[in-house]
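Subject: Structure for you to look at

Hi there,

Here is the structure I promised to pass on, with my notes below it. Have a look at it first, then read on when you have a moment.

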Amino acid sequence: MTGLQESPLQRANRLSTEPWQQAGGRSSGVTGTIASVREIWEQRRLLRLLTGRELKSRYKDSAGGFLWSLAKPLTQLFIYYLVIGQFLGAARGIENFAIYIFAGLTIYTLFSEIVGAGTGSIIANAGLVKKVYLPREIFPLAAVGSALFNFAVQFVILIIASIVVGTLSFGPQLLFGLGALVLILIWGTAVGVLLAALNVYLRDIQYLVEVVLLLLMWASPILYSWQQAAAILPQWLLEIYVNSPITLAVLGFQEAFWSEASNGVPLPHLAIRMLIAGVVGLVALFAAQRVFSRLQGDFAQEL
């Protein structure tokens with residue numbers, strides 16, 4: 001009640017006598033990242049709540065609820081298979097084209113949702129950012145949790161479709177699928193965290209991200225094979241193309257769930273390329289967190 005009765009001048013005088021309380025760590029480098037991870041871990045319950053809120057708000061007031069999360073991937077699968085595969089003839093040179101395309105779409109959609117939702121996550125939670133101190137990284141991380149739920153739905157559809165078509169077999173090739181998932185989580189989180197911070201200062205980024213994500217989908221071997229790209233691209237551009245983390249993740253998922261039963265030609269040294277991309281991704285994630293930490297101090301003022 002004291003706060004309601006005092007004048008602004010009295011409040012300013014009272015606050016000036018309060019001891020300084022540090023909100024958030026000011027450490028830099030590796031120690032700063034470790035401190036941030038510790039803070040996020042302490043707020044893991046809030047992270048779960050934010051993830052749940054994100055999922056509930058997506059299907060709020062809809063009669064179908066979470067069933068709508070099945071409708072989009074199934075519609076995508078049908079359209080791409082029928083229009084791109086059959087009408088435009090893309091399926092002629094690729095066996096089991098439906099599984100091929102859906103494996104690529106499943107892992108790419110995970111990256112797309114992490115980056116897309118993560119970019120706008122700070123602005124979407126402006127009310128919380130301005131009122132209370134929290135480790136702000138939990139907002140793009142909540143977007144990762146929400147995207148993982150949608151990925152799980154599509155993944156179940158992929159598994160069922162692979163069993164029905166006969167392209168799924170249990171063997172060491174499934175490790176490529178696990179590697180692809182880890183690769184996308186590392187790079188998606190790194191890009192999402194970085195863009196979430198930059199978007200607070202440069203609002204055009206969220207619109208630019210939508211365009212770039214569309215380009216990245218067509219720049220990945222989802223609707224065509226990497227050999228078709230190799231036949232056209234010059235060598236230097238081909239190296240950039242095949243060593244892109246998204247291309248490697250797409251190829252990894254196709255290797256796990258499509259290639260063995262469909263005479264797929266694997267990219268040479270795919271496992272080593274994925275391992276290197278994962279290590280580079282960890283460095284990128286560290287750098288993104290450092291940039292985020294440096295920029296977050298003025299979030300409240302900018303919002």
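What share of the contacts in the protein with a separation of 6 or more comes from residues 24 or more positions apart? The figure is 82%. Please keep in mind that this is a predicted model.

**Overall picture**

The secondary structure consists of 16 helices and zero strands. The protein has 303 residues, and 43% of them count as buried.

**The cores**

The largest nonpolar core holds 54 residues, and I101, I107, F111 and I222 have the most contacts inside it. Helix α6 (residues 97–119) gives this core its largest share, 13 residues. Apart from it lies another core of 15 residues, including L47, I122, I138 and V193.

Beyond its neighbours within four places in sequence, I107 is in contact with F151, A180, L181, I184, A249, V250 and F253.

Helix α11 (residues 205–218) has 14 residues, which should span 20 Å at 1.5 Å a residue; the C-alpha atoms at its ends are 20 Å apart, in agreement. Its buried residues are I205, V209, L213 and M217. Viewed down the axis of α11, the buried residues fall within an arc of 110 degrees, so they line one face of the helix. The cover over them includes α5 (68–87), α6 and α10 (174–201). On the other side of α11, the exposed residues include Y207, L208, L214 and L215.

**Two buried polar residues**

Q289 sits in helix α15 (residues 270–295). Its relative accessible area is 9%, so Q289 counts as buried, the limit being under 20%. The side chains of Q289 and R290 are joined by a polar contact of 3.0 Å. Leaving out residues up to four places away in sequence, Q289 touches T33, S36, E137 and V193.

T247 lies in helix α14 (residues 245–259). Its relative accessible area is 0%, and T247 is therefore buried as well, again with the limit at under 20%. Not counting residues up to four places away in sequence, T247 touches A219, S220, P221, Y241 and V242. From T247 to K72 there are 175 residues in sequence and 23 Å in space, C-alpha to C-alpha.

Happy to go through any of this with you.

Best wishes

How values were computed:
Residues numbered from 1 in each chain as written. Predicted model: local features only at pLDDT ≥ 70, side-chain atom pairs only at ≥ 80, totals over all residues. Heavy atoms only, no water. Core = buried A, V, L, I, M, F, W, Y, C linked by side-chain atoms within 4.5 Å. Buried < 20%, exposed > 50% of the residue type's maximum accessible area, 1.4 Å probe, protein only. Helix = DSSP H or I, 4+ residues; strand = E, 2+ residues; numbered from the N terminus. Contact = heavy atoms within 4.5 Å. Expected span 1.5 Å × (residues − 1). Arc of directions from axis to C-beta. Polar contact = N/O pair within 3.5 Å; in protein donor to acceptor, adjacent residues only side chain to side chain.
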